[in-house]
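Good morning, colleagues. Please have the sequence and the model on your screens.

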Amino acid sequence: MTFRLAAEAANRVAAIAPVAGYCWLRDPRPARPVPTLYTVGARDLLLPLRGGDVRLPWRNRLVRRPPITDTLERWARALGCAEAPVLQQDDQTVRVDRYRGPVVFDAVTVEDLGHHWPGGGAQLNPRVAGPPSNAVNATEMIWAFFKSVMNTGTGAAPL
């Protein structure tokens, strides 16, 4: 829903920071490039980085999920960014890839994180969602990103 909001109301939001989500829009066309900070866990069992079959915990239903890179590349095109990211940081715990373009579009991958809020309490069973992680505090990271967008208009914020 975050990607849809930015695609349909780009002039009403300063930036977005989706966490563990897909851009299901086939051809998003925001009215302007929207600074974006995307975060996902490398051990997310519900949104696997490489895609594949996922058994949903509700109704025990099997669904096929696309690779996360499909979303990132599609959103990069929508923003006018390069579709191939440039590595910004990789310390074996957190990886940051930047899609260069008119605004900042960073993708943060937390190595030992499942489908949980990064740095928050694990609300889902790790057997279903993967492990929780405190490697980053998503609330602080996203807040710093939003403040940077408001201060500079670019979204360049340190982790």
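**The sheet and its surroundings**

I begin with strand E5 (residues 94-98) and strand E6 (residues 105-110), which pair in the antiparallel sense over five bridges. Strands, like helices, are DSSP runs numbered from the N terminus, with at least two residues (E) for a strand and at least four (H or I) for a helix; two strands pair if DSSP finds at least two bridges between them. Within this pair, Arg98 has Asp106 of E6 as its bridge partner.

Two remarks on the source are in order. The model is predicted, so local features need pLDDT of at least 70 and side-chain atom pairs count only at pLDDT 80 or more, while totals for chains, interfaces and linings use all residues. Residues are numbered from 1 along each chain as its sequence is written, and side-chain values use heavy atoms, with hydrogens and water left out.

The open sheet has four strands in the order E1-E6-E5-E4, and its pairing is mixed. Strand E1 (36-41) and strand E4 (86-90) are at the edges with a single partner strand each, so one side of each has no neighbour in the sheet. From one strand to the next, the twist averages 20°. Angles here run from 0 to 180 degrees between N-to-C directions, the axes being lines fitted to C-alpha atoms, for helices over the stretch in contact.

E1 runs parallel to E6, and six bridges join them. Six of the six residues of E1 are buried, that is, under 20% relative accessible area with a 1.4 Å probe and protein chains only; exposed means over 50%, and partly exposed lies in between. Thr36, Tyr38 and Val40 point one way from E1, and Leu37, Thr39 and Gly41 the other way.

What packs on the sheet? Helix H4 (residues 138-152) does, touching E1 and E6, and its direction makes about 165° with that of E1. Contact means heavy atoms within 4.5 Å.

Helix H2 (residues 68-79) has 12 residues and reaches 17 Å from its first C-alpha to its last, close to the 16 Å expected; the expected span is 1.5 Å times one less than the number of residues. Its buried residues include Leu72, Trp75 and Leu79, and what covers the buried residues of H2 includes helix H1 (2-8), E1 and E6. Gly80 follows H2 with a positive phi, near 85°.

The largest pocket has a volume of about 320 Å³. Of its 18 lining residues, Leu49, Thr69, Arg95, Asp97 and Thr109 lie nearest its centre. H2, E5 and E6 are the elements that give two or more residues to the lining. A pocket is an open set of points on a 1 Å grid over the protein atoms alone, where a 1.4 Å probe fits, with protein on both sides within 12 Å along at least five of seven lines; lining residues have an atom within 4 Å of a point.

**Two loops**

Most residues other than glycine have a negative phi. Arg59, though not a glycine, has a positive phi of about 65°. Arg59 is found in the loop between strand E2 (52-55) and strand E3 (62-65), and is exposed, with a relative accessible area of 81%. E2 and E3 pair in the antiparallel sense over four bridges.

Gln92 also has a positive phi, near 75°. Gln92 lies in the loop between E4 and E5 and is exposed at 65% relative accessible area.

How values were computed
Points joined across faces, edges and corners; volume = space filled by probe spheres on them.
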